[in-house]
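Here is a short briefing to read with the structure open beside you. It moves from cavities to a helix, then to a strand residue and a few backbone details.

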Amino acid sequence: MFDFGISGYRPAWLSGSSVVAAAHGGRLAMLEGRRLTRALLVWDLDEDAWFPDGLVLLDFEGEQVEIVHQKFDEISITWNTVDPAQPLDWAGEGLRLTWRGDEPDELVSLRGRRVRAVELLEWTGDDMAQGAVAVGFLFSHGRLTIYNALDENGMEFGDPDQRYTRQRLRGWCA
C-alpha cells in the first residue's frame with residue numbers, strides 16, 4: 001500500500017457518501033464548534049507549489065483530520081496518525097517535499113476560525129467523477145472544501161458547485 005511519502009501512513013479508502021458518513025460522520029460532526037488551529041499542505045520545493053497528490057492536514061484544537069483522494073471516487077480520512085515533523089519521501093523519486101502551513105492565503109485566513117458546520121458533498125454531475133465525495137467545512141467567515149480533482153486533491157473556498165448534493169453532519173449518529 002502506498003504511504004504518500006509518510007512512513008507508516010496507511011490510507012483507508014472509501015467510496016460513496018453513505019459509506020464515508022458511516023465511517024467518519026460522527027467524528028467529523030464533532031469538529032463543529034472547534035477552531036482550525038493548523039492547516040498543512042504538502043509543498044513541492046522545486047516547483048514552489050502545492051503538491052495536490054499529498055495529504056491535507058487540518059488540526060482543530062488537537063483533533064487532526066488527514067484527507068487525501070485518489071482515482072475518480074476514493075477518499076481516505078484518517079485521524080491523528082501523521083506527524084508532520086517527519087520527512088516526506090515520495091517513493092524514493094527524489095521529489096523535494098515538505099509540509100507548509102502558510103499557503104494559500106485563503107486557507108491561512110481560516111486559521112483561528114470556528115467550524116460552524118461540516119458536510120459531505122457527493123458529485124452528481126454526469127461524468128467520470130460522479131459519486132466522488134468531498135468534505136466541506138463552513139466557518140464563521142469562509143468555507144473550505146477538499147474535493148477529488150480526479151486522482152488528486154482539490155480545494156475550493158467559495159460555495160461548492162451546484163452539482164454536489166450536501167449532507168450536513170450536525171448531530172449525525174452512526
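Searching the whole structure, which is a predicted model, turns up 1 cavity of 30 Å³ or more. The space inside the largest cavity comes to about 40 Å³.

**Cavity lining**
- The residues lining the largest cavity are Leu36, Arg38, Ala39, Gly101, Leu107, Val108 and Arg111.
- Sorted by class, this lining has 4 nonpolar, 1 polar and 2 charged residues.
- Two elements, β2 (38–44) and α2 (105–108), each contribute at least two residues to the lining of the largest cavity.

**Helix α1**
- You can find a kink of about 55° in α1, centred on Ala23.
- Ser17, Val20, Ala21, His24, Gly25, Leu28 and Ala29 are the buried residues of α1.
- Among the elements covering those buried residues are β1 (13–14), β5 (63–70), β6 (74–79), β8 (115–123), β9 (133–139) and β12 (164–168).

**Ile67 in strand β5**
- Ile67 belongs to strand β5, and its relative accessible area is 0%, so Ile67 is buried.
- Leaving aside residues up to four places away in sequence, Ile67 touches Leu55, Val56, Ile75, Ser76, Ile77, Val135, Phe137, Ile146 and Asn153.
- Ile67 and Arg166 are 99 residues apart along the chain, and their C-alpha atoms are separated by 18 Å.

**Backbone details to check**
- As background, most peptide bonds are trans, and most residues other than glycine have a negative phi.
- The peptide bond from Glu103 to Pro104 is cis, with omega near -20°; Pro104 sits in the loop between β7 (97–100) and α2.
- Phe4, in the segment before β1, has a positive phi, near 55°.
- Phe4 counts as buried because its relative accessibility is 6%, under the 20% cut-off.
- Asn80 lies in the loop between β6 and β7, and its phi is also positive, near 55°.
- Is Asn80 buried or partly exposed? With a relative accessible area of 37%, Asn80 is partly exposed.

Methods. Residues are numbered from 1 along each chain as its sequence is written. This is a predicted model: local features need pLDDT of at least 70, side-chain atom pairs count only at pLDDT 80 or more; totals for chains, interfaces and linings use all residues. Side-chain values use heavy atoms; hydrogens and water are left out. On a 1 Å grid over the protein atoms alone, a cavity is a set of points where a 1.4 Å probe fits but cannot get out, and a pocket is an open set with protein on both sides within 12 Å along at least five of seven lines; lining residues have an atom within 4 Å of a point. Grid points are joined across faces, edges and corners, and a volume is the space filled by probe spheres set on the points. Helices (H or I, at least four residues) and strands (E, at least two) are DSSP runs, numbered from the N terminus. Ala, Val, Leu, Ile, Met, Phe, Trp, Tyr, Cys and Pro count as nonpolar, Asp, Glu, Lys and Arg as charged, and the others, Gly among them, as polar. The bend at a residue is the angle between axes fitted to the seven residues ending there and the seven starting there. Buried means under 20% relative accessible area, exposed over 50%, partly exposed in between (1.4 Å probe, protein chains only). Contact means heavy atoms within 4.5 Å.
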